[in-house]
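Thanks for making the time.

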Amino acid sequence: MPHPADDAVVVRGLVRTYGSTRAVDGLDLDARAGEVTAVLGPNGAGKTTTVECLEGLRRPTSGTVRVLGRDPWRADAGHRAAVGVMLQDGGLPNGARALPLLQHVARFFAHPLDVGELAGRLGLDAFAGTSVRRLSGGQRQRLALALAVVGRPRVLFLDEPSAGLDPQARLSVWALVESVRDDGVAVLLTTHLMDEAERLADQVVVVDAGRVVASGSPADLTGSGPAETVRFRATPRLDLTGLRDALPPDVEVGEPAPGEYVVHGAVDPRVLSTLTAWCAARQVMPEGLTVGRRSLEDVFLDLTGRALR
């Protein structure tokens, strides 16, 4: 199975079943050193199961998984010391206090990060003596991230690292992830936050029903569809038939959520004029009208659907 030397994570044909259910169904994935690879997908798409197979917490039903050239299910302690893991639920001992726990874990590594500096970057000092059971969800997230990176891993797995964080904490987490990436670490993260993926990811892998449905850089994915997007808010459930007829055939219009309208396609001044004239003729005020590039969220919804799962 040839692959570039800087591919820290290589997955080929990964299958993981639970009874008759295929949580992961023939998935291929690569994550390279010095890059952030973001795995996106709806709930139940197989993201967490895939990451757990990479971490050695679950054994694949079939397929090949290699992390730093090793099978994580059979890896020894030396391999595990080179892999940082932040679980979705934290996996932290409830009775331990935050800073002493970080100090304790740091002692397992030959060259850990400076605990005081790391605690300061993530704002752990504010709850250093608080037990894990008394931490808020966001505080647990920051502590779990600190524990995952303190040993200077070569590969870092982050399962929804910004879940439950306020905007200030999210920015500090993003900055730390970027600095780890810049140090040459292969970072693989799952997220439901499209702005997080657009900010951090060098490569994006979109997973649905246990399979990869698209992959590439954020620029590649957002540049593969309609060039421009117009968004505006108005009265829900407008009859768009006349607007569709007036617009060029390669321009699409829809209402993905009640009162939220999106126009996709080659948007030029003529298209914009047609749209505003249609609104004016119906006494419709297009509130918050913006023109911009297709977003990663647009790509995600186009690939995985807009209906609730």
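Strand E5 gives the most to the lining of the largest pocket, with four residues. Keep in mind that this is a predicted model. The pocket in question has a volume of about 630 Å³. It is lined by 27 residues, and the closest to its centre are Val83, Val85, Val105, Phe109 and Leu147. Apart from E5, which spans 83-86, the elements that give two or more residues to the lining are helix H1 at 47-55, helix H2 at 77-81, helix H3 at 98-106 and helix H5 at 137-149.

What is the lining made of, by class? There are 20 nonpolar residues, five polar and two charged.

Next, a residue in helix H1: Glu52. Is Glu52 buried or exposed? Its relative accessibility is 18%, and the cut-off for buried is under 20%, so Glu52 counts as buried. Leaving aside residues up to four places away in sequence, Glu52 touches Leu57 and Arg58.

Now the cysteines. Cys53 has a relative accessibility of 1%, so it counts as buried. Cys279 is also buried, because its relative accessible area is 1%. How many disulfides does a search of the whole structure find? The search finds zero.

To go back over the main points: the lining of the largest pocket has 20 nonpolar residues, E5 gives the most to that lining, and Glu52 in helix H1 counts as buried at 18%. That is what I have for today.

Notes
Residues are numbered from 1 along each chain as its sequence is written. This is a predicted model: local features need pLDDT of at least 70, side-chain atom pairs count only at pLDDT 80 or more; totals for chains, interfaces and linings use all residues. Side-chain values use heavy atoms; hydrogens and water are left out. On a 1 Å grid over the protein atoms alone, a cavity is a set of points where a 1.4 Å probe fits but cannot get out, and a pocket is an open set with protein on both sides within 12 Å along at least five of seven lines; lining residues have an atom within 4 Å of a point. Grid points are joined across faces, edges and corners, and a volume is the space filled by probe spheres set on the points. Ala, Val, Leu, Ile, Met, Phe, Trp, Tyr, Cys and Pro count as nonpolar, Asp, Glu, Lys and Arg as charged, and the others, Gly among them, as polar. Buried means under 20% relative accessible area, exposed over 50%, partly exposed in between (1.4 Å probe, protein chains only). Contact means heavy atoms within 4.5 Å. A disulfide is a pair of cysteine sulfur atoms within 2.5 Å.
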